[in-house]
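Have a look at the structure first, then read on.

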Amino acid sequence: PPRLGILVSRKHAARATERNSIKRCIREAFRLEQDGLGALDVLVRPAYGCKPGAAMILRLRPLFARLSR
């Protein structure tokens, strides 16, 4: 099965709640695309200052889908 690694530090967001929101968005995008990935290890380190939300999920899904090819 595919595996996901997430690297979100205090430089990404000072508050733990915001860091956790970023991680939740990454996990959700991965969950939606993991069926097509196969045996793959993926490490995600978002850009500093990124904001969690639906827009982040929409940006990540095509990237995970591109890995499935």
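Lys51 and Glu18 join their side chains in a salt bridge, with 3.7 Å from N to O; the term stands for a side-chain nitrogen of Lys or Arg within 4 Å of a carboxyl oxygen of Asp or Glu. Lys51 sits in the loop between strand 2 and helix 2 (54–67) and Glu18 in helix 1 (residues 16–33), so this pair ties together parts that are 33 residues apart in sequence. Helices (H or I, at least four residues) and strands (E, at least two) are DSSP runs, numbered from the N terminus.

Please keep in mind that this is a predicted model, where local features need pLDDT of at least 70 and side-chain atom pairs count only at pLDDT 80 or more, while totals for chains, interfaces and linings use all residues. Residues are numbered from 1 along each chain as its sequence is written, and side-chain values use heavy atoms, with hydrogens and water left out.

**Accessibility of the first pair**
- Lys51 is exposed, at 60% relative accessible area; here buried means under 20%, exposed over 50%, and partly exposed in between (1.4 Å probe, protein chains only).

**Other salt bridges**
- The structure holds four salt bridges, and one of them links the side chains of Glu33 and Arg61 at 2.8 Å, N to O.
- Because Glu33 belongs to helix 1 and Arg61 to helix 2, this pair ties together parts that are 28 residues apart in sequence.
- Glu33 is buried, with 17% relative accessible area, whereas Arg61 is partly exposed, with 31%.
- Arg3 and Asp41 also meet through their side chains in a salt bridge, at 2.8 Å from N to O.
- Arg3 lies in strand 1 (residues 3–6) and Asp41 in strand 2 (residues 41–44), so the pair connects parts that are 38 residues apart in sequence.
- Both Arg3 and Asp41 are exposed.

**Cysteines**
- A disulfide is a covalent bond between the sulfur atoms of two cysteines; the cut-off used here is a pair of cysteine sulfur atoms within 2.5 Å.
- The structure holds zero disulfides.
- Cys25 counts as buried, with 9% relative accessibility, and Cys50 is buried with a relative accessible area of 16%.
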